[in-house]
Amino acid sequence: MGTQVKDVVIKPDAPNSVLLEKHADYIAAYGSKKDDYEYTLSEYLRMSGIYWGLTVMDLMGQLDRMNKEEIIEFIKSCQHECGGISASIGHDPHLLYTLSAVQILSLYDSLSVIDVDKVVEYVKGLQQDDGSFAGDKWGEIDTRFSFCAVATLALLGKLNSVNIDKAVEFVLSCMNFDGGFGCRPGSESHAGQIYCCTGFLSLTGQLHQVNADLLGWWLCERQLPSGGLNGRPEKDEETGGFADRPGDMVDPFHTLFGIAGLSLLGDEQVKAVNPVFCMPEDVLQRINLHPDILS
């Protein structure tokens, strides 16, 4: 038998503790460098970037370092007449960024600054006859958007505003023979889609429809020889922040999911994270989101 090759090389002197202060410094500095090339290029996903950064700061107990007033004004300026919210000022509204905005405002207990009724109407208007959801007016269909729709409505306390039965029917039609889920019926299973679909089924009270044993094995097989997982985050000691693997550039997305992963693994330095919304548990308790919806 040949020698098994490791997928990445982890240096012997790699840090073995969570460098929370460095991670917090990285996120706080990232949002202040508005003239940087990297910051400018990422304008098309600005709203989600703010959600990633604020949520990881909250999980680390550092949310007060961020400029709440500036962020709330930015979100207000991104809501369109149709009710949807865009990634940045002047961009088209989309379900992805509508959810991110609602998550951010939930962190700050400030949902009242946007027109919630219009948000609900926007989400309702994107549901299709087969129960699926388009991401925006251009019509792309993806199970990610099914999750975004129900998560947005759940946070707003308006989950029953859409046809839940048809929405569940569509997501279940995307379940594959291997237990995983794809973006549409017949699409290959992908870990990102599985997160969205299992989260969707949890929020709609249908998680029992998942073949837990089959899906569990598929997910277990995502673990690599290094101990990481496909799409895994790793630490960077010099700058703070997480990257997708050793040697790559850090970014707010992987920093959030790296810290959230440590929370799920029981790291007591980090707040408890809700695995469905990827938000701090104490935020969901504060807005009285009923625990039965997450079972």
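How many helices and strands are there in the chain? The chain of this predicted model has 12 helices and 4 strands.

**Figure 1. Overview of the chain in the predicted model.**
The chain has 295 residues, and buried residues make up 50% of them. Of the contacts between residues at least 6 apart in sequence, 63% join residues that are at least 24 apart.

**Figure 2. The largest nonpolar core of the chain.**
This core has 85 residues. Met-47, Leu-54, Ile-104, Phe-133 and Phe-277 have the most contacts inside it. Helix α7, residues 143-156, gives the most to the core, with 10 residues. In soluble globular proteins, nonpolar side chains tend to be buried together.

**Figure 3. Surroundings of Met-47, one of the residues with the most contacts inside the largest nonpolar core.**
Neighbours within four places in sequence are left aside in this view. Met-47 is in contact with Phe-74, Ile-75 and Cys-78, among others. Its contacts also include Ile-85, Ser-86 and Ala-87.

**Figure 4. Ser-48 in helix α3.**
Is Ser-48 buried or exposed? Ser-48 has a relative accessible area of 8%, under the 20% limit, and therefore counts as buried. With neighbours within four places in sequence left aside, Ser-48 is in contact with Leu-96, Tyr-97 and Ser-100.

**Figure 5. Packing of helix α3 (residues 46-59) and helix α4 (residues 68-78).**
The two helices pack at an angle of about 150 degrees, and their axes are 12 Å apart. Angles over 145 degrees count as roughly antiparallel, so α3 is roughly antiparallel to α4. The crossing of α3 and α4 is left-handed. From α3, the contact is made by Arg-46, Met-47, Ile-50 and Leu-54; from α4, by Ile-71, Phe-74, Ile-75 and Cys-78. By class, the residues of the contact of α3 with α4 are 7 nonpolar, no polar and 1 charged. Met-47 and Leu-54 of this contact are also among the residues with the most contacts inside the largest nonpolar core.

**Figure 6. Packing of helix α6 (residues 116-125) and helix α7.**
The axes of α6 and α7 come within 10 Å and cross at roughly 155 degrees. The two helices are therefore roughly antiparallel to each other, and their crossing is left-handed. Val-116, Val-119, Val-120 and Val-123 of α6 make the contact with Ala-149, Thr-152, Leu-153 and Leu-156 of α7. The contact of α6 with α7 has 7 nonpolar residues, 1 polar residue and no charged residues.

**Figure 7. Packing of helix α8 (residues 164-172) and helix α9 (residues 191-203).**
How are α8 and α9 arranged relative to each other? Their axes come within 11 Å and cross at roughly 150 degrees, which means that α8 is roughly antiparallel to α9. The crossing in which α8 passes α9 is left-handed. On the α8 side, Ala-167, Val-168, Val-171 and Leu-172 meet Cys-197, Phe-200 and Leu-201 in α9. The residues of the contact of α8 with α9 comprise 7 nonpolar, no polar and no charged.

Notes. Residues numbered from 1 in each chain as written. Predicted model: local features only at pLDDT ≥ 70, side-chain atom pairs only at ≥ 80, totals over all residues. Heavy atoms only, no water. Core = buried A, V, L, I, M, F, W, Y, C linked by side-chain atoms within 4.5 Å. Buried < 20%, exposed > 50% of the residue type's maximum accessible area, 1.4 Å probe, protein only. Contact = heavy atoms within 4.5 Å. Axes fitted to C-alpha atoms, helices over the stretch in contact; angles between N-to-C directions. Parallel < 35°, antiparallel > 145°, perpendicular 65-115°, else oblique. Left-handed = near helix turned anticlockwise from the far one by under 90°. Nonpolar A, V, L, I, M, F, W, Y, C, P; charged D, E, K, R; others polar.
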